[in-house]
Amino acid sequence: MSKVTYRQADGSANTIEVPVGWSLMEAAMQNSIEGIPAECGGGCACATCHVYIDEGDMSKLPDLSDMEGDMLECVAAERLPGSRLSCQIRMTDELGDLTVTIPSEQF
Amino acid sequence: MTGDVFVVIGGGQAGIQVCNSLRNSGFSGQLILVGDEDILPYQRPPLSKSFLLGDVDEQRLFFRPQSHFEKQSIEPLLGTKVIAIDRSAKTVRLEGGRTLNYTKLALTTGARVRELDCEGAANAQVHYIRSLNDSIALRNKLAGVERVAIIGGGFVGLEVAAVTRKLGKAVTVYEAEDRLMGRVVSPMLSEFFSDLHRENDVSVCLGERIDKVEVSNNTVQIYTNKQQSLDCDIIVAGIGAIANDEIALEAGLRCDRGIVVDNRCLTSDPNIVAAGDCTVHFNQFAGKTVRLESVQNAVDQAKIAASTMLGGESVYEQVPWFWSDQYDAKLQIAGINTDYDKYLTAGRVGDSRFSIFYFKDDRLIGADSINDPSCHMAVRKIMATKSASMTQIQANLNDLKSFAKQ
């Protein structure tokens, strides 16, 4: 199973195994990783599951949908090149291990 | 705060949010979450969307795993009904006789479905969606049927219509009013959605009320006020919800088709707060007293309720927002848009992406967006920070995000 490391804004980190098919947001919730409120539960409707993908992992991810791109315009923390909504990134066999950083604010 | 016992009644989204907010704010006393379902708090929105379709498994619906409750010292008392609140003794009596003392109490009891009460409804095994078990039961039943009648053209009914069409069923929607989602969206949006469902081969019957249902040989017959009848295999009803305010009412708390709370989510008892679907409050954006059934209201009121329990002064002033997924259309609503006198459209209604802005007395009161999330988010930001006129919105239509930040 692929491992995803969630780094908090303060530098602390947790690494968890993420089953294929799960989103990075769902895996974070089910493992009590703080900082991803994900109020809409993965509906791409609230922009509160923002994460920064590590530069080295960015090319592995599928492209942004228009919807995700639009929602990212509205995130609370600064939008950076690695910004994604963790509810829209599903683990696949091909994706492999990832590292993401959770921004300090989601609202 | 050590020595304090905070009790939260109701294990839905508002309940878990109250608990999490209390712990995040440093509350160190005893914290008990009483829920009448026998499972940990889970998300309800997917129950009529991705979960019903079979895209999401049960485990992924939970807000937090068991270990979170242990780590945060939140004691879940699941499968437990509350019988009564004794406000003078500051106790809560549970089914089975146990009594809990509380220092502060939070009511997050939610709402329950309104049941179809026409002739024959009791024999027709009508399906509703409120709980996980409801959605599982419907999902299982759908696997073996072809013809689905949906009663109620609101969010839940229409989401179920979209899911059941995706599953290849023959779907009929009955709405008693003359347009879909009439309580929450404008006539333009209602028409957009009736067109959308008809394009997806749903039979949409407006202004049609169910007089009677009959069951014979596994077929359900529906008879309407327009002397129409329909044979179907299953009825799903989404005809509204009723606040679970009975224990509050019996305890003498002020209720008005919901537990009345002020802008600090305080009930008429200074030691009892309430949040979410079970409450009614004066909403500054609606300009009237409302009962909101939404994730936003549950989460934001819960945060304020937790703050109030800890003696904080935070007030509830968040912009209401809602969303619904039907086929490829994501509807996002900002504000309460029922009482407008003018509107402005960005894009063309009927296109795959557009927004409608609503104004009252030349002030922006909200917007409905179809597949236009950046507009939705900008409107929420604008409404939270300033008053915007129709001229201002029109002048800034191409860059609302910058206008929101000004």
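How many salt bridges are there between chain B and chain A? The count is 4, in what is a predicted model.

**How the two chains meet**
- On the chain B side, 28 residues are in contact with 24 residues of chain A.
- Together the two chains bury about 2,300 Å² between them, and carbon and sulfur atoms account for 50% of it.
- Three residues stand out here: Arg60(B), Arg64(B) and Met377(B) supply 25% of the area that chain B buries against chain A, more than any other three residues.

**Polar and charged links**
- One of the salt bridges joins the side chains of Arg60(B) and Glu26(A), at 2.9 Å from N to O.
- Between chain B and chain A, 6 residue pairs are in polar contact, with both residues at pLDDT 80 or more.

**What the chain B side is made of**
- Helices H3 (66–71), H8 (295–309) and H9 (373–385) and strands E21 (321–326) and E22 (329–335) of chain B each supply at least two residues to the side that touches chain A.
- H9(B) gives the largest share of that side, with 5 residues.
- Sorted by class, the side of chain B that touches chain A has 10 charged, 10 nonpolar and 8 polar residues.

**A strand pair in chain B**
- Strand E9 (residues 147–151) of chain B runs parallel to E15(B), and 4 bridges join them.
- Within this pair, Val148(B) stands opposite Ile234(B) of E15(B).
- From E15 (residues 234–237) of chain B, Ile234(B) and Val236(B) point one way while Ile235(B) and Ala237(B) point the other way, and all are buried.

Technical notes
Residues are numbered from 1 along each chain as its sequence is written. Chains are lettered from A and ligands numbered from 1 in the order in which they are written. This is a predicted model: local features need pLDDT of at least 70, side-chain atom pairs count only at pLDDT 80 or more; totals for chains, interfaces and linings use all residues. Side-chain values use heavy atoms; hydrogens and water are left out. Buried means under 20% relative accessible area, exposed over 50%, partly exposed in between (1.4 Å probe, protein chains only). Two strands pair if DSSP finds at least two bridges between them. Contact means heavy atoms within 4.5 Å. Buried area is the accessible area (1.4 Å probe) that two parts lose on being put together, summed over both. A polar contact is a pair of N or O atoms within 3.5 Å; within protein, one must be able to donate a hydrogen and the other to accept it, and residues adjacent in sequence count only if both atoms are side-chain atoms. Ala, Val, Leu, Ile, Met, Phe, Trp, Tyr, Cys and Pro count as nonpolar, Asp, Glu, Lys and Arg as charged, and the others, Gly among them, as polar.
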